[in-house]
Structure formats: C-alpha cells, structure tokens
Amino acid sequence: MLKRVKRRYLALEIERGEGLGSREFLDAVWGAVTRLYGEYGASKTGLTLIDYDVERGFGVVRVLLSAVPMVRASLASITSINGKPVAVHVVTISGTLKALHKSLKN
Amino acid sequence: MKRNFADLHLCADVRDSECVLRMVKKASRLGYRVVAVPFPSNAGAEMVERVRGLCVDVGVDLVSRVDLKPRTPNELLHRLRDVRRRFEVVVVVCESKAVARQAAKDRRVDLLCFPGLDFRGRFFDLAEAELASKGLAGLEVDVKPLLTLEGPVRVRLLSSLRREVAVAGKFGVPVVVSSGVSDELLMRKPREMASLASLFDLPDARAFEAVSRVPLGIVKRNRAKLRAGFVAPGIRVVRRGRDC
C-alpha cells in the first residue's frame, strides 16, 4: 500500500527582498536546490510556492517532509536573486497551513 | 530546555563600533546568545571591554578571539605565550603542515582552522586528528565559503570538508561550525548553519552541537581558566590566609 504523503509548510522571510516577484523568488529557490542536489534531488522535494507577499518579502512554500533538510540548506545557500543581495530565513515550519499561521501570530 | 547558540567567528571590524553593534544586533535577532569577534593580537583589555560593553545592551555575550597565522612552529609557540592569557578563544590558521601539527598538540590552542580555497593546504588528516584528540583543539568550519563559492570549487570544498569531518568524528575531535562572515546578509540562523553542515555529512545532532554545546563548552572552559584563583580543572583557590 502506498504511504500517505507527508508535507511541511515553511514560512520564509526574504531579507531585503521587498519588490521581488514571486516568479523570481521561486526560480531562485529551484536554482539553489538544483545547484546543491541536482535535478534528481530537486525532483524529490515537491517544492510548491503557496503564498508570497511582494511588499513584505514574505513567502510560504510547501515541501515533502523527507526533503525539509535539503530545502533548508538550499534556502540558506541563497545569497542573491537577480543580482540583488538577499538572505532567506525560515521563520517557522508546520504540518498544516492553519498551524503555520497560528505559529506566526504567536 | 531552550538551547543557547554561539557563533565563534563573526568578522566584525572591532575598530568600528557601529559595525560591531549592527552585526551583534543581527546575531541576537537570529538567535545567538554568544558571539566571538576576532581582535588584533596586540589589542589591549580596554579595547575588549569597550566592545563587550556595546554588546551588553543587546543581550549578547561577547567573547574575545584571536586568530594566529604563524609561519613556523616556533613562531606559534612564541605567539601563544603572548596571547593565551589575554583572549578567551585562540584560533590557529594552519598554513603549513608543521604549524598544523604543533597547533594540534598544544593544549593552549582552542580551534584549528584551514584555508578555505587552498585544498593542498588542508592538513586535517588522520595524524592531525589523532594529535588534536589528545590535546584540546577542535576543528573550525566556516560556512562563508559555502555561501560565496559556486560550481566545481564548492564541490571540491564540500568534498574536503566531508573527509575532514569524518576524520574528526573517528578521533572524537570536536567540530565547531561558525559563520566567518563580515557581511550581515551572509549571517544565518543557527538552524540554517546546521542545515548547511549537513552538506558535508555532519549528522543533525552533531551539527546542532557544533553551533551550541561545543563552542559554549570552549568558552566556559577558557573563562574558568582565565579567572583568578584557577589552579587546574576542578580546582581553584577559594580563600588565602594563615589558617587555611
């Protein structure tokens, strides 16, 4: 029997990332994952952009539970997006969007 | 219990108070409680106290650190005599095999550091690890090159680090993961540092210890040694007098 797919939601703060488009941000994340783990590794992450706030430089991505360490390392390795120096920090991580927002409120 | 985190290599310019304050504030915001800043080896106690005073308001414990880059083992011994009683953390940047061997067996050395890009200059092999395991020296890994390098150079660096960390683990040499950055945007949270350490196969538990228990242990040990009345580990002078 197939195992249930477990996912995690990561709330991200993009430092000095105000004004960056969601497409640019997602491309940068995919680029970082691919550079570190290759296309094979990237295919195992199940990375999806759920929410992105251009004004605040804040985003939420969904990844497979098994790929959380890979995505964390890839996010930490991002130093610039489109030539603009930025840093991406994981603010919080949760199993559901509801719990993620609750955690962010706290 | 909440873990305390330490970054033993924050490359702030100690002559620029604003730069130090800015970086220490950022470190505090990222979750660090202990931060070490490298001082010039001729820095006096008043300079260290001035910088420490800046960090008190931010709630970060500043540790004085000195980086030695000796060319010969004799120069290393001479400089260790000079700096050991004045700084809390002594790091030796090993640029030759003779210096690396001497630094590994000297109990006054806290951390061994190897040049990032000179792959022939990374002397942390089995013999070095065996010497370090008998002394007190740990291996310091800076994450800065992992962030700034790309392509084949980073691949080679990761390969070297993976081998060194495995050798360190085999001989029980403590590994410390530090940032080594002078730019605020390259500073990362402790959890992110541990994630980056996973790139060179440092297990999760050891990676967390490399940014918390291991560096904090080094600072605690050295502070105890530098305190007045220290005789030997576990023994200190409590009172002096004729009736003692």
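Let's start at Asp201(B), which is partly exposed because its relative accessible area is 48%; here buried means under 20%, exposed means over 50%, and partly exposed is in between (1.4 Å probe, protein chains only). Asp201(B) sits in the loop between helix H8 (190–197) and helix H9 (204–210) of chain B. Helices (H or I, at least four residues) and strands (E, at least two) are DSSP runs, numbered from the N terminus. Although Asp201(B) is not a glycine, its phi is positive, at about 60°.

Before we go on, keep in mind that this is a predicted model, where local features need pLDDT of at least 70, side-chain atom pairs count only at pLDDT 80 or more, and totals for chains, interfaces and linings use all residues. Residues are numbered from 1 along each chain as its sequence is written, chains are lettered from A and ligands numbered from 1 in the order in which they are written, and side-chain values use heavy atoms, with hydrogens and water left out.

Now over to chain A. Its secondary structure comes to three helices and six strands, and from the N terminus on they run β-α-β-β-α-β-β-β-α. Chain A is as compact as a globular protein of its length, because its radius of gyration is 13 Å, close to the 13 Å that the globule rule gives for 106 residues. (That radius is taken over C-alpha atoms, and the rule is 2.2 Å times the number of residues to the power 0.38.) Along its principal axes, the C-alpha trace of chain A spans about 45 × 35 × 20 Å. Of the 106 residues of chain A, 43% count as buried. Take the contacts in chain A (heavy atoms within 4.5 Å) with a separation of 6 or more: 69% of them are accounted for by residues 24 or more positions apart.

Let's zoom in on one loop of chain A. Ser77(A) is found between helix H2 (68–76) and strand S4 (80–81), and it counts as buried because its relative accessibility is 7%. Its side chain reaches the backbone oxygen of Ser74(A) at 2.7 Å. Leaving aside neighbours within four places in sequence, Ser77(A) is in contact with Ala32(A) and Leu36(A), and also with Leu147(B), Arg154(B) and Leu196(B).

With a relative accessible area of 60%, Asn82(A) is exposed. Asn82(A) is not a glycine either, yet it has a positive phi of about 55°.

Back in chain B, look at Lys26(B) in helix H1 (residues 17–30). Lys26(B) is buried, since its relative accessible area is 4%. What does its side chain join up with? A polar contact of 3.0 Å links it to the side chain of Glu15(A). (A polar contact is a pair of N or O atoms within 3.5 Å; within protein, one must be able to donate a hydrogen and the other to accept it, and residues adjacent in sequence count only if both atoms are side-chain atoms.) Not counting residues up to four places away in sequence, Lys26(B) also touches Glu184(B), Leu185(B) and Met187(B).

Last stop: Gly121(B), in the loop between strand S5 (111–113) and helix H5 (126–134) of chain B. Gly121(B) is buried, with a relative accessible area of 4%. Beyond residues up to four places away in sequence, Gly121(B) touches Cys94(B), Phe114(B) and Pro115(B).
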